[in-house]
Amino acid sequence: MVDEVKQRDAIDTGTLRPQELEAVYAISRLVARSIDTDHVLDEIIHLARPVFIFDNMVLYVKREEEGLEPRFARAIGRGRTLEAELAWGEYTANDVLSSRKTILRVEDLSQTDPKRTGLRYYLGLPIAQSGEVMGALVFVRFGGPPYTSDQIHLAEFIADHVQQVLEHRQLVKRVADLEAKRRLDDLQDDFVATISHELLTPLGFIKGYATTLLREDTTWDEDSRKEFLTIIDEEADRLHELLDSLMDSSRLQAGTLRINTQPLRLETLLRDIALRAKSRSENLDIRLMVKTPGLQIQGDPARLAQVFENLLSNAAKYAPNSPITILLESEEGRARIRVADQGPGISAEHVGNLFKRFYRVPEKSSVVRGTGLGLYICRQIIEAHQGKISVTSTVGEGTTFLIELPCEHVQSDNSTSREVPA
Ligand code: ADP
């Protein structure tokens, strides 16, 4: 037996008893701060049950293709049985969908099922969005009594709130999608702008000086020729480095960057790196302090060198003329390496972003060349070694990068602390 109930209008709370009103307000408050749909629906059941008796509640939503599918179902009646668990009111939900109205339906299966579950009272309510029925909320009551008009009215309140939960959920999802798309668009725009600028600058130098050298109306003395060729040579190296960073970054994104580890003496690795950095730029004042000698780790020497070279070149770029200290020690079985400068430092608002892909401190980005990829790559490499990299900085005092790596082995060495000539 199926009954249609007149379409529901705007909710009028005037007809509700105080206890029912309280439950409806509690549901409203819950919906207003809802995040997890299933949790909210469970809470709605919990709040509604004392004022509205039902055994099962099912929320059906329209499928993308056709028909309905249960999105949420709970059997809560006392003495739950298998029969009760199977009575999910699909017919009622379909009637709601086709009629777009509240539906009352009674199924009398007492011939085959003489228990309470043989007599089933269904109440189906439309869940609409922007005037379109998107689903149905079905209550099932076993053995009666039939739903009264007051109870139907109360169930409509509940259905209205369930509808709001779904709307809220969709809104949150739509906002999240839009936000993700906007972020991706911004990121792609930033990427193209940064990369184009960074590639064009060295290319511009190379082209400019090569054209200058090729001019037939001018002859250059040997010193000038050498200077121009040196610039071309350096800028070509820079282009190469940039493309390497980009390749590393995209390999990291794709998860295909290879790390080939071997036993490494940290002291030796750091000394070599410091010597190489000094040979490239004589003015660099690098001090290597070894507090715990004999530290050995499993690492990829080329990749770790890339990390420390990046930190040293950053210190040289952003803290010019400052001495750079590399301090090596072990604490709690981990090797700790601090690379510290006494440069201008980085303000707190930027510190948390430094390891993000393409992040550059805005005030510095127009003065010092870079891509914002270096520290991102450093972090990925250190994490691939099961290590951690972090930074602390004080404006006006300097910046310290701390790298922690699992330490394989400490070779016994009698000296406790020493400064190693780098
Ligand atoms: P890039 O140097 O190419 O910009 P990085 O990822 O290596 O990219 O560094 C990100 C940003 O962190 C830099 O743009 C710079 O603003 C800041 N930074 C890095 N090292 C230092 C440092 N030692 N002192 C001050 N700022 C630094």
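Trainee: What is the relative accessibility of Glu132, and how does Glu132 count on that basis?

Mentor: Glu132 has a relative accessibility of 41%, so it counts as partly exposed. The scale is simple: buried is under 20% relative accessible area, exposed is over 50%, and partly exposed is in between (1.4 Å probe, protein chains only). Before we go on, this is a predicted model: local features need pLDDT of at least 70, side-chain atom pairs need 80 or more, and totals for chains, interfaces and linings use all residues. Residues are numbered from 1 along each chain as written, and side-chain values use heavy atoms, without hydrogens and water.

Now find the partner of Glu132. The side chain of Glu132 meets that of Lys62 in a salt bridge, 3.1 Å from N to O. That term means a side-chain nitrogen of Lys or Arg within 4 Å of a carboxyl oxygen of Asp or Glu. Glu132 belongs to strand 6 (residues 132-142) and Lys62 to strand 2, so the bridge ties together parts 70 residues apart in sequence. Strands are DSSP runs of E, at least two residues; helices are runs of H or I, at least four; both are numbered from the N terminus. Lys62 is also partly exposed, at 35% relative accessibility.

Together with Val61, Met134, Arg169 and Gln170, Lys62 is nearest the centre of the second largest pocket, which has 14 lining residues. A pocket is an open set of points on a 1 Å grid where a 1.4 Å probe fits, with protein on both sides within 12 Å along at least five of seven lines; lining residues have an atom within 4 Å of a point. The volume here is about 380 Å³, counted as the space filled by probe spheres set on the points. Strand 2 (56-62), strand 3 (68-75) and helix 5 (149-214) each give two or more residues to the lining. Helix 5 has the largest share, with 6 residues.

Compare the pair with other bridges. The whole structure holds 21 of them. One joins Arg334 and Glu404, with the closest N and O atoms 3.8 Å apart. Arg334 lies in strand 11 (residues 334-341) and Glu404 in strand 13 (residues 398-406), so this link also spans distant parts of the chain, 70 residues apart. Arg334 is partly exposed at 25%, but Glu404 is buried at 10%.

Another bridge stays within one helix. Glu383 and Arg379 meet at 3.7 Å, N to O. They are 4 residues apart in helix 11 (residues 374-384), about one helical turn. Glu383 is partly exposed at 41%, and Arg379 is partly exposed at 31%. Elsewhere, salt bridges link Asp95, Arg105, Glu107 and Arg120 in a network.

Last, look at the nonpolar side. The largest nonpolar core has 49 residues, and those touching the most other members include Leu266, Ile286 and Phe308. Helix 8 (residues 301-318) gives the most to this core, with 7 residues. A second, separate core has 32 residues, among them Leu59, Val61, Leu123 and Ala159. A nonpolar core joins buried Ala, Val, Leu, Ile, Met, Phe, Trp, Tyr and Cys residues through side-chain atoms within 4.5 Å. Val61 brings us back to the pocket, where it is one of the residues nearest the centre.
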